[in-house]
Amino acid sequence: MIKILFVCLGNICRSPLAEGIFNKLLNEKELQLKISSDSAGTGNYHIGDKPDKRSIKVAKQNGIELTHKGRQIGLADFQNFDYILAMDNDNFKNIKALEKKARDLDQTIKAKIYLTREFDNLYDDEVDDSENETAWDVADPYHGTEEDFQECYDTLERCCTEFLKYLIKAHKL
Ligand code: 4NP
């Protein structure tokens, strides 16, 4: 089983939505016995919480039920997951710092860590993002509007679709 972990800050807006979209794609491709996905937050504010109502709504509009309960990423996740996808640069840095802790404790590290939008086919490779380390962020919609959640959904759908294509090719599925 190839295991994917989507990670944001609170684990109530972006990453549970990514998990729901990705699981829908896995079902459509009948790959749910070969690949699985989960989500977590770098923060501990929403442990045990349901996803944000606006994530639940935009998911439902697209035929997806979000059943995830908030949890915080931990050291064992680097051993248990094959891929960890960070929603933004802050999350990425925090995940890398936690990975270093796991390495310092001589834990086996299995997970490859990426920024989610590395798999966004709308992202223009020509953009010079060397001056802007947030250029690859899936924007945090928490303080935003329902439109921001729709935009978040659209971005995650593109990224999940391309990421799954990548996995199918890389693992010859
Ligand atoms: P998420 O959004 O990281 O996409 O789940 C947030 C949710 C909650 C908070 C921040 C971001 N918060 O500060 O409580």
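# Tour from the ligand outwards

Start at the ligand and select Gly 10: one of its polar backbone atoms is 2.8 Å from an oxygen atom of the ligand. The term polar contact, used further on, stands for a pair of N or O atoms within 3.5 Å; within protein, one must be able to donate a hydrogen and the other to accept it, and residues adjacent in sequence count only if both atoms are side-chain atoms. The model is predicted, so local features need pLDDT of at least 70 and side-chain atom pairs count only at pLDDT 80 or more, while totals for chains, interfaces and linings use all residues. Residues are numbered from 1 along each chain as its sequence is written, and side-chain values use heavy atoms, with hydrogens and water left out.

Select Leu 9 next. A backbone N or O atom of Leu 9 lies 2.9 Å from an oxygen atom of the ligand. Then select His 46, where a polar side-chain atom lies 2.9 Å from a ligand oxygen atom. Of the 350 Å² that the ligand exposes when taken alone, the protein buries 88% (accessible areas by the Shrake-Rupley method with a 1.4 Å probe; for residues, only the protein chains shown count as cover).

Now show the whole surround: Cys 8, Leu 9, Gly 10, Asn 11, Ile 12, Cys 13, Arg 14, Tyr 45, His 46, Asp 140 and Tyr 142.

Asp 88 sits in the loop between β3 and α4 (89-104); helices (H or I, at least four residues) and strands (E, at least two) are DSSP runs, numbered from the N terminus. Asp 88 counts as buried because its relative accessibility is 10%; buried means under 20% relative accessible area, exposed over 50%, and partly exposed in between (1.4 Å probe, protein chains only). Apart from residues up to four places away in sequence, Asp 88 touches Arg 14, Leu 115, Asp 137 and Val 138, where contact means heavy atoms within 4.5 Å.

Go to Ala 18 in helix α1 (residues 14-28). Ala 18 is buried because its relative accessibility is 0%. Beyond its neighbours within four places in sequence, Ala 18 contacts Phe 6, Met 87, Leu 156 and Cys 160.

Next, select Ile 4, Leu 17, Phe 22 and Ile 35, the residues with the most contacts inside the largest nonpolar core, which has 29 residues. Such a core is a set of buried Ala, Val, Leu, Ile, Met, Phe, Trp, Tyr and Cys residues joined through side-chain atoms within 4.5 Å. Two or more residues of this core come from each of β1 (2-8), α1, α2 (53-61), β3 (83-86) and α5 (146-170). The most come from α5, with 7 residues.

Zoom in on Ile 35, which touches Met 1, Ile 2, Ile 4, Phe 22, Leu 26, Leu 164, Leu 167 and Leu 173, leaving out residues up to four places away in sequence. A second, separate core has 15 residues, among them Ile 73, Ile 84, Ile 113 and Leu 115.

Select Ile 84 in strand β3. Ile 84 is buried because its relative accessibility is 0%. Ala 111 is 27 residues from Ile 84 in sequence, with 6.2 Å between their C-alpha atoms. Contacts of Ile 84 beyond four places in sequence include Leu 5, Val 7, Ile 95 and Ile 113.

In helix α5, select Thr 155. Thr 155 counts as buried because its relative accessibility is 9%.

Two stops remain. Most residues other than glycine have a negative phi. Glu 30, in the loop between α1 and β2 (35-41), has a positive phi of about 55°. Glu 30 is exposed because its relative accessibility is 67%. Finish at Lys 172 in the segment after α5, where phi is positive at about 50°. Lys 172 is exposed, with a relative accessible area of 76%.

Definitions and conventions
A residue is near a molecule or strand if one of its heavy atoms lies within 4 Å of it.
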